[in-house]
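Please read the points below with the model open beside them. They take the interface, then one residue, then one chain.

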2 protein chains.
Amino acid sequence: MAWDTEGTRRRLREAATAEFAERGLDGTTMTRIATRAGINKERLYSYYGDKNALWAVVLTDELDKLASAVALTGAGLDDIGDFAGATYDYHAAHPELGRLLQWEGLTRAPAADVARRSAHYREKVERFAQAQRDGLLAPGLDPDHLCFALIALAAWWQTVPQLAEMITGAGGDDLDERARRRAFVVEAARRLASPKA
Amino acid sequence: MAWDTEGTRRRLREAATAEFAERGLDGTTMTRIATRAGINKERLYSYYGDKNALWAVVLTDELDKLASAVALTGAGLDDIGDFAGATYDYHAAHPELGRLLQWEGLTRAPAADVARRSAHYREKVERFAQAQRDGLLAPGLDPDHLCFALIALAAWWQTVPQLAEMITGAGGDDLDERARRRAFVVEAARRLASPKA
DNA sequence: TAAAACTCCAACGGATGCGTTGGAATTTGA
DNA sequence: TCAAATTCCAACGCATCCGTTGGAGTTTTA
């Protein structure tokens, strides 16, 4: 059997991503990661250093995936709805990233990649502002707050799934409920941003 | 010095609330709680059992405080706005609750006090449904999803403060920004629920 | 063929945390 | 006055985890 060092690295990284998303930095043990990957613990340390370094690698990787995933194309009402829907879809399909960011936020650690993420969001806000000036979106709403609210609508479900289940009576694994939630998110985004009313 | 068992209980509970909100269930140590309260660890165990039981007590307490601070009186458009505003105010003034709920959301443990919390929310949802039938709220929106979205709008700021700061460019300790956020939440809630449009 | 790189395995030292225990003060109430 | 309750203190047994180490196979490369 030929060596596959890159495969070993990848399997370790994937196992670490899953474990970190599941249990956070504190709750994850290096032994569990190695066992999950089916690789010896010694390899884990020799490739990735200590636990904190591994955490940084995992988070940076997932942020890169996010950066190249969701885009805001136009700035009309339809685009707003699409954006909210796509964001909801991404979080529903990739709950690991949301969970990783939550763990990061709760541990009061300085957020990773602040500059790039800030620029990313400011570009979206500026697009909203322009759309407002063009009369495509409701005037009187702060575009930054609107942007933030759209993300809230899309991400809140994954953030407090227990609360979502208590209120709706169904879990996020229920496909029908998931579709209803998505439809609500899109409709709510449109109502929020609509220039009428 | 006279005994003050109730004070001892309270100090332990308050210390536990602060520590749990700060570090979560796993990250918190019983020794830290006792030290923070200035009370011996043995008292902590004799009063509250083990760590999980203490966690449940803390969470139930904080949810009770929220429930008695934020009431949904009527079901008209103004009441919806007031409800959203009051919820925002409470979370802004008591960020611990949001953090506790977030920790709970991240640990896959079954939520504490599910029955009572579910009943509490279902009562609100039912009120929304009735208001819809009366034509006071927008038809076509699932009342449970609407209820969930209102909480999202109010709580999301405290949940991901780093994200809020990246998007708005100001922190939650900025009083002007805080007022703008509150105004946005109230307005957004009204736009969401409004029967017009 | 020989050296270098990769992998597995078992076990260690040090640290931390949970929950408990035994003992000794102090205060309360009968 | 005396028993019960409250508090503090120090330490224990047990478990877990981190990060490392020494040794032994296997595969590649030179």
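**Notes on the interface and chain A**

1. Across the interface of chain B and chain A, 11 residue pairs are in polar contact, both residues at pLDDT 80 or more. A polar contact is a pair of N or O atoms within 3.5 Å; within protein, one must be able to donate a hydrogen and the other to accept it, and residues adjacent in sequence count only if both atoms are side-chain atoms. Salt bridges between chain B and chain A number 0, the rule being a side-chain nitrogen of Lys or Arg within 4 Å of a carboxyl oxygen of Asp or Glu.

2. On the basis of the work: this is a predicted model, in which local features need pLDDT of at least 70 and side-chain atom pairs count only at pLDDT 80 or more, while totals for chains, interfaces and linings use all residues. Residues are numbered from 1 along each chain as its sequence is written, chains are lettered from A in the order in which they are written, and side-chain values use heavy atoms, with hydrogens and water left out.

3. In contact terms (heavy atoms within 4.5 Å), 56 residues of chain B meet 53 residues of chain A. The area buried between the two chains is about 5,000 Å², and carbon and sulfur atoms give 70% of that area. Buried area here is the accessible area (1.4 Å probe) that two parts lose on being put together, summed over both. F148(B), M166(B) and R191(B) supply 17% of the area that chain B buries against chain A, more than any other three residues.

4. Which helix of chain B gives the largest share of the side that touches chain A? Helix 8 of chain B does, with 13 residues. Helices are DSSP runs (H or I, at least four residues), numbered from the N terminus, and strands are E runs of at least two.

5. R99(B) sits in helix 6 of chain B. A polar atom of the R99(B) side chain lies 2.7 Å from the backbone oxygen of A21(B).

6. Chain A has 10 helices and 0 strands. Its C-alpha trace spans about 65 × 40 × 35 Å along the principal axes. Of the 197 residues of chain A, 49% count as buried.

Terms used:
Buried means under 20% relative accessible area, exposed over 50%, partly exposed in between (1.4 Å probe, protein chains only).
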